[in-house]
Amino acid sequence: MKMSRKEADEINDEEYFSYLVKQYEKLVYSICYKTTGNQFDAQDLTQDTFLSAYKNLDRFDRAHERAWLCRIASNKALDYLKSSQRKIVCEEDSFFMDVKDTQAGPEETLLQQESGQYVMHVCQELKSPYKEIALEHFYKEKTAAQIAAEQGKNLKTVQTQIYRAKAMIRKKLQKKAPGHNREKKGGIGS
């Protein structure tokens, strides 16, 4: 039940504060909850709101109590949202699902090692100068410009050697592919 200003002026601060808590606790909580979206933070902010109101009760003229408490609650909730001390609450496993693993797993690491070794083996089967160019470009993953600068060659020469080495590697891989010896006929079902 709402108290008149005359009734509010006739009681002491503790009784008036008790009345404010009973009358406006749910309203203050709902303001805090709508702002934070978290019931625990809303409870803490509701408590902070009433604590602040209690500390400043002697300066309050006891008029427009609802607006006064709502303003305190709004300010407390907004200060909380701005605060750099906000705690991140882990909700079940969703927090850990959002954390990205930047390191390769054991399977991926093994595949990378094996494919690297295979690329090196295929490149070493080529004849010079394509062998050296292929190793630098495909195994060590250097650009044509880097290779040209390191070896003191013309960029166009290196690019041509990379192109030819790629064609030679493709031809070797096609020979090793299963079913490469089958005669090509006129399409499916021939």
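Two rings of Phe, Tyr or Trp are counted as an aromatic pair if their centres lie within 6.5 Å. In this predicted model, Phe17, Phe50 and Tyr54 form one aromatic cluster, and the structure holds five aromatic pairs.

The pair formed by phenylalanine 17 and phenylalanine 50 is edge-to-face, because the ring planes stand at 80°, with the ring centres 6.3 Å apart. This pair links distant parts of the chain: phenylalanine 17 belongs to helix α2 (residues 13–36) and phenylalanine 50 to helix α3 (residues 39–55), a separation of 33 residues. Phenylalanine 17 and phenylalanine 50 are both buried.

Tyrosine 29 and tyrosine 33 form a further aromatic pair. Here the arrangement is stacked, with 15° between the planes and 6.0 Å from centre to centre. Tyrosine 29 and tyrosine 33 are four residues apart in helix α2, so about one helical turn separates them. Tyrosine 29 has a relative accessibility of 27% and therefore counts as partly exposed. Tyrosine 33 is likewise partly exposed, at a relative accessible area of 37%.

With regard to the overall fold, the protein contains nine helices and zero strands. Of its 190 residues, 26% count as buried. Among contacts with a separation of 6 or more, 53% are accounted for by residues 24 or more positions apart. The accessible surface of the protein comes to about 14600 Å², and carbon and sulfur atoms contribute 51% of this area.

Terms used: Residues numbered from 1 in each chain as written. Predicted model: local features only at pLDDT ≥ 70, side-chain atom pairs only at ≥ 80, totals over all residues. Heavy atoms only, no water. Helix = DSSP H or I, 4+ residues; strand = E, 2+ residues; numbered from the N terminus. Buried < 20%, exposed > 50% of the residue type's maximum accessible area, 1.4 Å probe, protein only. Contact = heavy atoms within 4.5 Å. Areas by Shrake-Rupley, 256 points an atom, 1.4 Å probe, with all protein chains shown as cover. Phe/Tyr/Trp six-rings, centres within 6.5 Å; stacked < 30°, edge-to-face > 60°.
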